[in-house]
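Dear colleague,

I am passing a structure on to you, together with some notes on what turned up in it. Please look through it before reading on.

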Amino acid sequence: MDNISLKSEKPRLNFWQIWNMSFGFLGIQFGFALQNANVSRIFETLGADEGNLAILWLAAPVTGLLVQPLIGYYSDRTWHPKWGRRRPFFAVGAVLASIALIIMPNSTMLWMAAGTLWLMDASINISMEPFRAFVGDMLPPDQRTRGFAMQSFFIGIGAVVASFLPWIFTNLIGLSNTAPHGEIPPSVKWSFYVGAAAFFIAVMWTVFSTKEYPPDEEEDDLLNKPIIIKYPPSTYLSIGLGILILTAAIGYWFYFAQLDKKLFVLCGILGIFGLAYTVSALFMQRDKYRNGFVQIVRDFQNMPKTMIQLAFVQFFSWFALFAMWIYTTSAVTSHIYKATDTGSALYNDGADYVGILFGVYNGTSALAALLLPILAKYTSRRVTHMMSLVVGGSGLLSFYFIQDPTLLIISMLGVGVAWASILSVPYAMLSSSIPSDKMGYYMGIFNFFIVIPQIVAASILGFLLTTFFENQSIFALIIGGSSMIFAGFLSLLVDDKDEVHIEQNAA
């Protein structure tokens, strides 16, 4: 392996080698699942009201927006004879995330929990982002769908187990699920402790069981590569100032129309992009093209065509997912269970059932992840992704027509198939279209098209429901389902550079 470089023809890896290089994602998903399922509960226990939860939660997407491209950029430029290129970031992220998972349930004040969420999400991103690039580094193109599918398998398993940990500690081990006012229950605390251990052990398993290929001499000399100037500084300055003017105009409209304050978050995101372009233009005017910040902005501007096409697919896919995550509980309890009081037994029955439904789609995704490469082999990655998203979107749309809660399990089977495909197929297509010496950076940038729809969904869905749908949450799922189906058909327009019969050389 030592004589093989990132640009050389890579050997095919066997099942257990792919298993080992993907196993760390099991731990990463433990962290994300515990965060998603319990952080709102911790915030509310420490005194946050319902109206502030969305603002507190913005830490997660904003952190990803900032951290992932930076980690990708620097991991592309890292090489250690013993630790490799991506594995140092796996290890550092695992240590920091494990510490944050221990601190979070021991928070005594709201500001402490909010700060820990920033640390936790940043640390998880430090480990997670290089894992996406790892598949492109280690596997030949015809095995990458299998590699990302293996990651999806571990994501599904980790999500199911970690989500059930508080229930396991309460019902099987006997820990209390309640605590005095302002304190976190023991069942939640021990769930986070187990999650911290699982995160560290799983990631370090990959660190010590997998050896990376060294970079080519050309890649090892990135600092001396010639700078290719595709657009002059004036182009970046014009784009930056144009975005800033647009941001100011939209903010002016939001303010004087007295629209929901959460919409201003969109202005903040636009403003960040406008400011980044403007500052990079000023550096370029001083001939500082090798400045790291400038290179990040220039590479963003020069994204490969396939990545731009996939960006639209990702945006509408993840917009649908966030609509589902935010509004399924409210939609099921009000539209299907007909509960009108959040304190009623009927409401709590419906809310508990949503937890089961989420377990169903995560469990389904773990199984579907193993089957998607086979489907892609006989069709193509584009068709596989389209079919998966249409099935998932139809599952979300079916919520409107179903009255028997049991039938929702069928709906979530479709969502599980879509979830498995979303976590694997776009990354497989992307990895074939980006330069190997920028694999980490572009995988980090690709995260923008997960984070931005999350911020958009959190900002506008409430406004849309209130303005047009009489605050009926079921319509958020209809919007989400339609968005996912639209993303499916957009995937057919993607220029997949390796569109051959995937895995055609597999044993």
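Are Tyr252 and Phe256 buried or exposed? Both Tyr252 and Phe256 are exposed, where exposed means over 50% relative accessible area, buried under 20% and partly exposed in between, with a 1.4 Å probe and protein chains only.

This is a predicted model, in which local features need pLDDT of at least 70 and side-chain atom pairs count only at pLDDT 80 or more, while totals for chains, interfaces and linings use all residues. Residues are numbered from 1 along each chain as its sequence is written, and side-chain values use heavy atoms, with hydrogens and water left out.

The rings of Tyr252 and Phe256 have centres 4.5 Å apart and planes at 45 degrees, so the pair is tilted; rings of Phe, Tyr and Trp (its six-membered ring) pair if their centres lie within 6.5 Å, with planes under 30 degrees apart counted as stacked, over 60 as edge-to-face and the rest as tilted. The rings of Tyr277 and Phe300, with centres 6.5 Å apart and planes at 75 degrees, form an edge-to-face pair. Tyr277 is buried, at 5% relative accessible area, and Phe300 also counts as buried, at 15%.
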